[in-house]
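These are my notebook entries on one protein chain. I looked up its surface, its strands, its cores and a few single sites in turn.

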Amino acid sequence: MASQPLPTASRSLPGEPASTVLVVSGMTCAACVGRVERKLGRLEGVSATVNLATGRAKVSHPASVSVADLVGVVEAAGYRARPAELPAGPGELPDTARSGPSREPGDGQQGSGEADERQERDRLLTTTLLAVPVLALSMVPAWQFRNWQWLCFVLAAPVAVWGAWPFHQRALRGLRHGTATMDTLVSLGVAVSFVWSSYALFLGGAGVPGMTMPLSLLPSASGEVAHVYLEVVVGVPLFVLAGRRLEARARRGTGSALRSLAELAAKDVAVRRGGVERRVPVADLAVGDVFLVRPGERVATDGTVVEGGSALDLSLVTGESHPVEVGPGSPVIGGAVNSGGLLEVRADAVGSDTQLARITRLVEDAQTGKATVQRLADSVAAVFVPAVMSVSVTVLGFWLGAGADPQAAITAAVAVLVVACPCALGLATPTALLAATGRGARLGVLVSGVQALERLRNIDTVVLDKTGTLTTGRMSVIAVTVPADADADADADAHADKDAHAHADKEAGADTDAAAEVLRLAAVVEQGSDHPLARAIVTHARGQGDGRPLPRPVRFAAVPGLGVSGLVDGEEVAVTRPGELSGIPGDLREAVRAAETAGHTAVLVRVGDVPRAVISVGDTLRSDAYRAVEHLRRLGLRTVLASGDREATVRAVAGQLGITEVHAGALPEDKAALVATLQGRGSRVAVVGDGVNDAAALAAADLGIAMADGTDAAIGAADVTLVREDIQAIPDAVRLARHTLATIRANLVWAFGYNLVTLPLAAVGRLNPMVAAAAMSASSLLVVGNSLRLRTWNPARPHRPGRRSGRARTATPWERTP
């Protein structure tokens, strides 16, 4: 995976806007988010995106605006801010990822420290102990003993003041800055209920001994029965504090991806320096150091195996489901688990340059974005709280003006204040995005942000590169063909003096033995060449051999554009282009033609002057290429193959995959022009590629998808990076995007719908303020709970419309067992 720019608290290049990440404390709802964004946006050249779920503000600003200026603006808005402490390496995570959004002590949000966590827990526990008797006595008339109301008043007073103090504190701070938030509504609701109850007890007749209050989930509409709202005084803080604590725990779950990535990093490592092995912290590891990875240990950092062999489990880093075999010269990724033997690895990258650190930064950056629908919700939330307060005052005035009892009027007004819930609006997108990006990272799909998710969901055309995307990008031996009569001759010469039984056994494997021998001779000669074809033949021969090293040729010669030759075991061996086919056996002629038809390269091996074999070399399809393309089609996406390779090769690959639209010999500018043409026809285009020649098309497309093993240019131009080599990740990413956007829409529908239903009920006096408080907390929990389902989402394989489950599909040639 290529490196990505490291996010810092503030970074910029000369002449470019700086990017700063602030941790903002004191935000409780979407109204807070809107206020911080508006205040920052009033600075010239400044734009900000604030995430309620993580408590982070990502600010783009000119270099003339300092970080101190940004912090000052946020604090002037009534909140606290500081530059984010960002990681230097894969084992260190942003402070908000360690334990959730930062906050002030006692503000009712998820704590950033143990002391704050204890204070929040103690406040909720004490409030519960005081509130439960009040709720029980107020709602069960049979338990209302003589002067019960005064006991309830004594228990409710500490809750109204100390239990609800975080809400009062933030409401007063907002008042000083001329703003109102969710805390303002809660504070007003508690205060008005307590003041009214105090008036009813001391002056309104509710304090007389023997007073009883009937059970009713609906507010009292008249003053015939003395009524105190002490259950509201304790119920509202209790439900809101409990709801926010549960919500914070759930939000920690949605953001668990970053903490999971931190846990993948090794803490210390065994290093060999000066021939001495010693264990040092990973932070002390330097590029070029050789370190040991024993079975069961994690690879400390990205590097190259120097000695040893093993299988690495990359499932938690890249999503690879099967262990990957590595040996000398193999690259390894920090965070992978060594499943087998001892490895000696040379460190190639440390700290923020490792792949695990880059994955962490990509996931973190992706979690700060906003969907288009969320921006609309935030705009509504910015005016929502003032509007609710206006509605509450209007309801109070209307009821009093209509001659209703003051008790009923105040009840309706308090219910309007308490039931309003912009929290759900603010959490609808961030929690879903936190969960989705974390799940995507575990599946090997890194999405740059919610805008990329939106575009990914809406694409209808996918332009696929061939080399390195649908194919492995590495030359390998496809087939070795020997003439039929060569087998019999070789067998007769080698075994003329053997008994009949041995001769029969050897004859059964004659074809394999003849091919293996010719391949060995060709590899001995090709060792002297660095051509990709030569490397493929040598690698294949070593893999097929008995482990012994290949001997060196006695004499070696290379003719550019023709081939190589050398003296091996006393025989002249030449590996050349086939040339004129008329002079070689029929079996070999057919092998050459088959290779050309398939888009492979054929080389002829001559021993002496006798043609002994044709070796077909080519780039092989990824094992999952057919399934990935088929799943894209089942998702309703049109697939296009565009490659700079020659026509025969590209069409051969397209034929195997069932792709009908093919563009061969495409230069980088041709691919970009193809994207523009498709877009001009109204298509929403995604481009999948891995090379420098794909960068222009990736940037021009509506969505760019880069392979993790691609070039820096390709990854830099892409919106989505596939960490695992399995290109089945492409349809998985499309399905994840669709599922995530559907979840966000469901969250917003609930958040808006909840207020559309409950506010009118509260205004007409059909909603008890205590029930309103419970409903308000429940709405936020439902939104977060719905988002949490994305953490366990699994990419279901789509079926063809109307296809019966029992009907089998004919296997493609590369899926059949040879």
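**Entry 1: the chain as a whole**

I began with the accessible surface of the protein chain, which comes to about 34,100 Å², with 58% of it belonging to carbon and sulfur atoms. I note that the model is predicted. I then looked up burial and found that buried residues make up 54% of the 818 residues in the protein chain. The secondary structure of the protein chain consists of 28 helices and 27 strands. I also checked the sequence range of the contacts: among those between residues at least 6 apart in sequence, 70% join residues at least 24 apart.

**Entry 2: strands β2, β3 and β4**

I looked up the pairing of β4, residues 56–61, with β2, residues 18–25, and found it to be antiparallel, over six bridges. Within this pair, I recorded A57 of β4 as the bridge partner of L22. β4 also pairs with β3, residues 47–51, again in the antiparallel sense and over five bridges. Here A48 stands opposite V59 of β4. I then asked how many residues lie between β3 and β4 in their hairpin. The number is four, and G55 in the turn has a positive phi of about 70°.

**Entry 3: helix α2**

After α2 comes G78, and I noted its positive phi, near 105°.

**Entry 4: the seven-stranded sheet**

I traced an open sheet of seven strands, in the order β15-β27-β26-β25-β16-β23-β24, with mixed pairing. Which strands form its edges? They are β15 (445–447) and β24 (661–663), each of which pairs on one side only. From one strand to the next, the twist averages 20°.

**Entry 5: the nonpolar cores**

I turned to the largest nonpolar core, which has 135 residues. Its members that touch the most other members are V24, M27, L40, L230, L470, L657 and I705. Which helix gives the most to this core? I found α27, residues 729–763, with 13 residues. There is also a second, separate core of 27 residues, and V518, L519, A523 and V617 are among its members.

**Entry 6: a single serine**

Last, I looked up S198, which has its place in helix α7, residues 182–202. Is S198 buried or exposed? Its relative accessibility is 16%, and a residue counts as buried under 20%, so S198 counts as buried. Not counting residues up to four places away in sequence, S198 touches F153 and L203.

Definitions and conventions. Residues numbered from 1 in each chain as written. Predicted model: local features only at pLDDT ≥ 70, side-chain atom pairs only at ≥ 80, totals over all residues. Heavy atoms only, no water. Pairing = 2+ DSSP bridges. Helix = DSSP H or I, 4+ residues; strand = E, 2+ residues; numbered from the N terminus. Core = buried A, V, L, I, M, F, W, Y, C linked by side-chain atoms within 4.5 Å. Buried < 20%, exposed > 50% of the residue type's maximum accessible area, 1.4 Å probe, protein only. Axes fitted to C-alpha atoms, helices over the stretch in contact; angles between N-to-C directions. Contact = heavy atoms within 4.5 Å. Areas by Shrake-Rupley, 256 points an atom, 1.4 Å probe, with all protein chains shown as cover.
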